[in-house]
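Subject: Structure handover

Hello,

Here is the structure for you to look over. My notes follow below it.

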Amino acid sequence: MAIEAAVFDLDGVVRHFDRDHLSEVERTHGLAPGELIQVAFERDLLNEVTTGRITRAEWGERVGEQLASQPAARAWLSDRGEVDCDLLEVIDAVRSGGLTVALLTNGTDTISDEMVDLGLVGHFDRIFNSAKIGIAKPARAVYEYVCDQLTVEPANVFFTDDSPAHVAGALELGMVARHYEGLETLKLDLRNEGIEL
């Protein structure tokens, strides 16, 4: 069956964060290497923010409380990341080839503003944010929601994500899902599915 839609993850695929910024925040505020991420991405806390039960601001406050350093949490969250412009060219090529192109992110309540700030809005037909949907990857229901909204069968959707668990969730539904391992690998994966670039 032919691919009709391509769905891309945001962080780790389209957008990347500066590891040096994180390390500098930890050094500046006397935190151990890796401590900030360990606290911020604790499973239950992360699930709360990515399903919209708490805001990004509340998430930052919780992280600051656990670190005993609100300034560290604020400094960390000040980094909005940078877009991979080479990947964006590929996304534009996929879209101009006639496919519906969407973004599916485990995001927070500020994703809409971030998409504007990053200049991404005009590159996607749809932007799906877990915080608005109320369900986060890799839950099967979030992929079902995306397919329903795009009115496309899972087998006709190409999906890529830097998280193997998120890819596995999409595969379970029957999507054509590939682990994102870099731009050249993605190009090969797209071409292997008959998607011209």
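Predicted model: local features only at pLDDT ≥ 70, side-chain atom pairs only at ≥ 80, totals over all residues.

Residues are numbered from 1 along each chain as its sequence is written, and side-chain values use heavy atoms, with hydrogens and water left out.

Overall picture

The protein has 11 helices and 7 strands. Both are DSSP runs, numbered from the N terminus: helices are H or I with at least four residues, strands are E with at least two. Along the principal axes, the C-alpha atoms fill a box of roughly 55 × 30 × 25 Å.

Of the 197 residues, 48% count as buried. Buried means under 20% relative accessible area, exposed over 50%, and partly exposed in between (1.4 Å probe, protein chains only). Among contacts (heavy atoms within 4.5 Å) between residues at least 6 apart in sequence, 63% join residues at least 24 apart.

Helix pair

How do H1 and H5 pack? Helix H1 (residues 19–28) and helix H5 (residues 70–77) meet at an angle of about 170°, with axes 10 Å apart. Axes are lines fitted to C-alpha atoms, for helices over the stretch in contact, and angles run from 0 to 180 degrees between N-to-C directions. H1 and H5 are therefore roughly antiparallel (an angle over 145 degrees). H1 contributes His21, Leu22 and Val25 to the contact, and H5 contributes Ala72, Ala75 and Trp76. By class, that contact has 5 nonpolar, 1 polar and no charged residues.

Backbone details

Most residues other than glycine have a negative phi, and most peptide bonds are trans. Please check these places.

- Lys137 and Pro138 are joined by a cis peptide bond, with omega about 10°. Pro138 is in the loop between helix H8 (130–133) and helix H9 (140–150).
- Ala68 has a positive phi of about 60°. Ala68 sits in the loop between helix H4 (56–67) and H5, and is exposed at 71% relative accessible area.
- Thr151 has a positive phi near 50°. Thr151 lies in the loop between H9 and strand S6 (157–161), and counts as exposed at 69% relative accessibility.

Best regards

Note on methods
Parallel < 35°, antiparallel > 145°, perpendicular 65-115°, else oblique. Nonpolar A, V, L, I, M, F, W, Y, C, P; charged D, E, K, R; others polar.
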